[in-house]
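Look at the fold as a whole, then follow the text from the strands to the rings of the side chains. A question to keep in mind is how parts of a chain are held against one another.

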Amino acid sequence: MSTLRPGEWDTLAGHFQGATISEQADGTALICLPDVDLPSGWTATTTTVWFVVPVGYPAAQPDCFWVAADLKLESGVVPASSGAQQLPGNPQPALWFSWHLASWRPAVDSISTYARFILRRLADAR
């Protein structure tokens, strides 16, 4: 993807085996991270994670993410600030998380920064 910095995709893909990136018609890109390990407190031990690289990245930060549609907290409830929603540019249903970064530093932060944020949020969702 042309808006990623040199080596940025290789760094992310090196941490998430099977990661893919799909260019979308609107100029964004959908990143898929399969088989992401989940901490205890969820109804599954792994899930797929998706997030969008927005137009204007890295000046524009990624925002929100999706996981497998059937993922719930161990108690059986859907986490706060989440709900069923179709993936962007893909008919697959997913669980959308309206969770947002508190800060983004375009010169320093990357798609790997955002992936780490997602992992922290999933760890804190209990």
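This is a predicted model: local features need pLDDT of at least 70, side-chain atom pairs count only at pLDDT 80 or more; totals for chains, interfaces and linings use all residues.

L30 stands opposite V52, a residue of β3. Strands β2 and β3 pair in the antiparallel sense, and 7 bridges join them.

The sheet as a whole has 6 strands. In what order do the strands lie? The order is β1-β2-β3-β4-β6-β5, the sheet is open, and the pairing is antiparallel. At the edges stand β1 (20-23) and β5 (82-86). Each of these has a single partner strand, so one side of each has no neighbour in the sheet. From one strand to the next, the twist averages 30°.

A helix comes next. Helix α2 packs on the sheet and touches β2, β3, β4 (65-68) and β6. The direction of α2 makes about 135° with that of β3.

Helix α2 covers residues 111-124 and carries both Y114 and F117. These two residues are 3 residues apart, which is about one turn of the helix. Their rings form an aromatic pair with 5.4 Å from centre to centre and 35° between the planes. Why does this pair count as tilted? Planes under 30 degrees apart would be stacked and planes over 60 edge-to-face, so an angle of 35° falls in the remaining class, tilted. Are Y114 and F117 buried or exposed? Y114 has a relative accessible area of 0% and is buried. F117 has 7% relative accessibility and also counts as buried.

The structure holds 7 aromatic pairs. A pair of this kind is described by the distance of the ring centres and the angle of the planes. For W42 and F97 the ring centres are 6.5 Å apart and the planes are at 70°, so the pair is edge-to-face. Where do these two residues sit? W42 is in the loop between β2 (29-37) and β3 (46-53), whereas F97 is in strand β6 (residues 93-97). The two parts are 55 residues apart in sequence, so the pair ties together parts of the chain that are separated along it. Both W42 and F97 are buried.

W42 and F97 also belong to a cluster, in which ring pairs link them with F65 and W99. W99 has a further neighbour: R121 lies over the face of its ring, at 4.2 Å from the ring centre.

Note on methods. Residues are numbered from 1 along each chain as its sequence is written. Side-chain values use heavy atoms; hydrogens and water are left out. Rings of Phe, Tyr and Trp (its six-membered ring) pair if their centres lie within 6.5 Å; planes under 30 degrees apart count as stacked, over 60 as edge-to-face and the rest as tilted. Helices (H or I, at least four residues) and strands (E, at least two) are DSSP runs, numbered from the N terminus. Buried means under 20% relative accessible area, exposed over 50%, partly exposed in between (1.4 Å probe, protein chains only). A charge sits over a ring if NZ of Lys or CZ of Arg is within 6 Å of the ring centre and within 35 degrees of the ring normal. Two strands pair if DSSP finds at least two bridges between them. Axes are lines fitted to C-alpha atoms, for helices over the stretch in contact, and angles run from 0 to 180 degrees between N-to-C directions. Contact means heavy atoms within 4.5 Å.
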